[in-house]
Amino acid sequence: MIFLDAAATTPVRREVLEAMWPYLTSDFGNPSSHHTLGESAATALAGARDSVAAVLGCRPGEVIFTSGGTEADNLAVKGIALARQASRPQFNRVVISAVEHPAVEESARYLERFHGFAVDVVPVDGTGLVTPEALRAVLRPETALASIMYANNEVGTVQPVAELAAEAGHAGVPFHTDAVQAAGWLPLDTGTLGIDAMSISGHKLGAPKGCGVLFVRGRTRIEPLIHGGGQERGRRSGTENVAGAVGMATALTLAQARQEEQRRRVVALRDAFINAVLTGVPGAALTGHPSRRLPSVASFCFPGTSGESVLLELERQGVVCSSGSACAAGSDAPSPVLTALGYEAEVAQTAVRFSFDASVTEEDLNTAAGAVRHAVESVRALGG
């Protein structure tokens, strides 16, 4: 099997499992307990927080451990917007882009339904890009938060986050970015990016599912969504997942250490794969930005097919990929991301996404490109 669905999840790295193991077995204490086992767990949790902060270029107290990217997005969007509204009721608008992950979009819609917020949606161009000018046009004095993802999970387009954050900052609006897909591939220094909040998920990096991080700049107020014992400095109650935090920190540190080397190698492989598909499959269209894209994502529309039929044929040939976001699996509707880019629904439903981790090889992608050609030919021959 050739696994090309790393944007959905990645296998847990051996080094991560080894780092977590003591906190699943011998050092299993609750970090809030005042005895030796608890103190050992608290020390491990503090060490994990320090490690994450070192990668993000922030203070350890600005790191909140969560259950993953979805919780981090919910806490950022709802928590910051509600805190701003509590301080000044006129803060009753949130800004998102037209290509956000459902965790951000649905959080904004929740604020709209239950807390009286208006949701302003920034349009994207045909490559999925948000321009600073487009963001500036929707920012208002009443805007409580702007949330625009760093890199898109379906088409791979990378946003000019530093420029967008600066635009929001000029308007006095806190800026959050969903960096779930960007982590491990793109710079994450929060000072350089100029952001106020950022979400990361462990299972995209070689950590287990169920662990994530939200960075929140110290000056940014946030209303907790989970109440209880006041863990995570009162911002996210609940007994901390010490092993998950250690795994998250280990995976993030490992990914950061070889980021530049791995990015250069995978970009070259990705571009060769894109070229092989575009030249080998008549009518194939690359989706997303041609150059401002994640090293790890190549996505296409194959007119005259059904994306799901192509996926089934590819899996029969030993290539595992997806038709888009794993969070939308089972939906018959065309991708909202692709329709936001201007694709007709009929074409959007032919989309297939290939996403790689750092272990991908030239042989893997050469084999996959051949399989794509055969799969599309077979599906078209059967009438889609």
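Student: What should I know before we start?

Tutor: This is a predicted model, where local features need pLDDT of at least 70 and side-chain atom pairs count only at pLDDT 80 or more, while totals for chains, interfaces and linings use all residues. Residues are numbered from 1 along each chain as its sequence is written, and side-chain values use heavy atoms, with hydrogens and water left out.

Student: Let's start with P282. Why is P282 called exposed?

Tutor: Exposed means over 50% relative accessible area, buried under 20%, and partly exposed in between (1.4 Å probe, protein chains only). P282 has a relative accessible area of 61%, so it counts as exposed.

Student: And where does P282 lie?

Tutor: P282 is in the loop between α9 (259–280) and β9 (285–286). Those labels are DSSP runs numbered from the N terminus: helices are H or I with at least four residues, strands are E with at least two.

Student: On to salt bridges. What makes E71 and R236 a salt bridge?

Tutor: The term asks for a side-chain nitrogen of Lys or Arg within 4 Å of a carboxyl oxygen of Asp or Glu. For E71 and R236 the N to O distance is 2.7 Å, so the pair qualifies. E71 belongs to helix α3 (residues 69–87) and R236 to the loop between β8 (212–216) and α8, so the pair ties together parts that are 165 residues apart in sequence.

Student: Are E71 and R236 buried or exposed?

Tutor: E71 has 14% relative accessibility, so it counts as buried. R236 is buried too, at 16%.

Student: How do you know that D196 and R219 form a salt bridge?

Tutor: Their closest N and O atoms are 3.2 Å apart, so they pass the cut-off. D196 sits in the loop between α7 (190–193) and β7 (197–201), and R219 in the loop between β8 and α8, so this pair ties together parts 23 residues apart in sequence. D196 is buried, with a relative accessible area of 9%, whereas R219 is exposed at 65%.

Student: Now the rings. How many aromatic pairs are there?

Tutor: The structure holds 6 aromatic pairs.

Student: Why is the pair of F273 and F356 called edge-to-face?

Tutor: Rings of Phe, Tyr and Trp (its six-membered ring) pair if their centres lie within 6.5 Å; planes under 30 degrees apart are stacked, over 60 edge-to-face, and the rest tilted. The centres of F273 and F356 are 6.1 Å apart and their planes are at 90°, so the pair is edge-to-face. F273 lies in helix α9 and F356 in the loop between β12 and α13 (362–381), so the pair ties together parts 83 residues apart in sequence. F273 counts as buried at 2% relative accessibility, and F356 counts as buried at 2%.

Student: Last one: which residues line the largest cavity?

Tutor: It is lined by 11 residues, of which E154, T287, S299, L338 and A351 lie nearest its centre. A cavity is a set of points on a 1 Å grid over the protein atoms alone where a 1.4 Å probe fits but cannot get out, and lining residues have an atom within 4 Å of a point. β12 gives the most to this lining, with 3 residues.

How values were computed:
On a 1 Å grid over the protein atoms alone, a cavity is a set of points where a 1.4 Å probe fits but cannot get out, and a pocket is an open set with protein on both sides within 12 Å along at least five of seven lines; lining residues have an atom within 4 Å of a point.
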